[in-house]
Amino acid sequence: MATGVTVAAIATSLVIGNPFTANAADYPSTTTKPDLVSLLNGYDSFWKSSGSNDLHGTVVSGATLAQNDQLTSWINQNATPAQQFTALQDSEYKNAPTGYDQSSTVGQGLGDALEKIYLQGRQSGALPLTEALINSNTGTTGAYVSTGDAKTHYSYPRPYLPTDASATLPATDDQVNCTPTTWNASSLAANRTGKTWADAKGNLTITRVPVQTDTTHEFSPSDVVLDAGYGTKGICQGGSYPSGHTTTAYQAGITLATLVPELAPEILARASEAGNDRIVLGVHYPLDIMGGRIDGEAALAARWSDTQFRTEVLEPARAELTKYLEQQCGNTLAACIAAEQPYRNSPYGGKAVPGGTAQVVTDRASAVAVYRERMDYGFAKTGTTALAASVPTGAENLLLSTFPTLTDAQRTAVLAQTEIASGDPLDQSGTTNGSWERIDLAAATSATVAVAADGSVQVVATGGTAKVVSGVLTAPSGTTVQAGAQLALTGTGLTAGATYQVVLHSDPTVVGALTADATGSATGSVTIPAATAAGAHTVDLVDASGATALVTPLAITVTAAPATGGTGTNGTSGSTTGIHLPVVSG
């Protein structure tokens, strides 16, 4: 039975600096990689290491680290058997053709049909540009940054390590590589003793996931032995923060999301699952996962901000992958996506994480919601709240493939309007680094963005199909209309051939429809329901996905209908009642 690269070798590489990291010195971003220690230094507010890389140090914020422990133990104890198996798959590294890595497993975010095509192309050699880019061992983005220096700097003990230095370890490898008298979490004993998620000696409640063999052949043509590597030197002696596997998963996930922006929210949610799976195994904490996401974001932003790398590597790989997916699917990418089952996940069998949800993914909207929840895992705020947006320089380039028609300033505005609030444990709002912790890529890549005549942008919806709207609605006969009468409308800047519902607010009521011609213009009239209350209202256009098509809804004034009969302000009598429906709009 064949296996991939040994867990010990990979674990060691993640601790001391990944020896598999690709080295393409002919690109500016290759020699100007992000400084992960600086980007992650919010951790110093909770833990101060001894400086000897020995997993010992001083607890600075017991409350934050206690919440870190509680969430870790709960996730480890409540993951389903199926999720435990997926977690083992997500811990594997590729040694073709017998193994795989996170750049393979995040492919599940493409959906059931496109994932198979993607993996077939990777394994057959039909996607050489994509493979050279995304591979988690050798890829120019997939293996771009190493967490070795950061792990050494923060040197925090893994969740499964005993707090009690006299503990008996469960495996022979542990006795050789992970002697508890040296490699332990004793610095955390006082902070854990007496907690419901630890035993009487302060050992965190963690269950090890046993070795299993992957016979599914989903990611490899051969059987692969999956081992979390609890007893390996690189894991038990290596610092927990940040998670190297999560960094790799997000490098792969964000790469794939930018190559296939049509499915970016789902791919990003799958990357968040891969990170969360490190907690499922009991080898990392939520703060480690949050740090790994920050690493991946900064890494891919650096690559997408490198004009030479973008034009010579990223964009050709995207063209290659899109062409291959469409050829093998036999249709346009949009049609293939519509016909397949999207990425889905239920990690805890419906049980809710403390302070959160069951993190169930069934569609795009839920994928975006779960991604956001895992951005901060519901941690209590430790920093200043209600700060202004703080988008890091270069982050806007992560949206180049999603919103190619927007300017850098407009893409920055999209990130600013979709980011989460300030004050989370790793937030660096207002610093020269900006706040990678607050960047919500799943929301940003699922946004409907309205562009006004002056170039300003407004995110009017998230969780749907990413799009830019510039529609303008006017009332050529006037914006004052009597209840029960008709209102003449003219729309411009719409999608040619698209049909839109005309929605009267504030109680959303569909009062008609307009269809745009080949120039993106539409004209027509709708009847304002006779029961409409007199006063100020708005009229919106909503497309088939439920997103508004207008930069700004049209403000109208409705006057009361006459007591008997009567003619509307626009010259037409009527008493048609609108259809009340739940409508998504700005």
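Mentor: Cys329 and Cys336 form a disulfide, with 1.9 Å between their sulfur atoms; the term covers any pair of cysteine sulfur atoms within 2.5 Å. Before we go on, this is a predicted model, where local features need pLDDT of at least 70 and side-chain atom pairs count only at pLDDT 80 or more, while totals for chains, interfaces and linings use all residues. Residues are numbered from 1 along each chain as its sequence is written, and side-chain values use heavy atoms, with hydrogens and water left out.

Back to our bond: the torsion about the S-S bond of Cys329 and Cys336 is about -120°, so this disulfide is left-handed. Cys329 is partly exposed at 32% relative accessibility, whereas Cys336 is buried at 4%. Here buried means under 20% relative accessible area, exposed over 50%, and partly exposed in between, using a 1.4 Å probe and protein chains only.

The structure holds two disulfides, so let's meet the partner bond, because a disulfide is a covalent bond between the sulfur atoms of two cysteines. Cys178 and Cys236 form a disulfide with their sulfur atoms 2.1 Å apart, and at -85° about the S-S bond it is left-handed. This pair links distant parts of the chain: Cys178 sits in the loop between α9 and α10 (189-192) and Cys236 in helix α11, 58 residues apart. Helices (H or I, at least four residues) and strands (E, at least two) are DSSP runs, numbered from the N terminus. Cys178 is buried at 2% relative accessibility, and Cys236 is buried at 0%. Number the bonded cysteines of the protein in sequence order and the pairing reads 1-2, 3-4.

Now for the rings. Rings of Phe, Tyr and Trp (its six-membered ring) pair if their centres lie within 6.5 Å; planes under 30 degrees apart count as stacked, over 60 as edge-to-face and the rest as tilted. That rule gives 12 aromatic pairs. One of them is Tyr43 with Tyr154, edge-to-face at 5.7 Å centre to centre with 80° between the planes. Tyr43 lies in the loop between α2 (36-39) and β1 (47-49) and Tyr154 in helix α8 (residues 148-154), so the pair ties together parts 111 residues apart in sequence. Tyr43 is buried at 0% relative accessibility, and Tyr154 is buried at 1%. Ring pairs also link Tyr43, Phe46, Trp47, Tyr154, Tyr156, Tyr241 and Tyr285 into a cluster.
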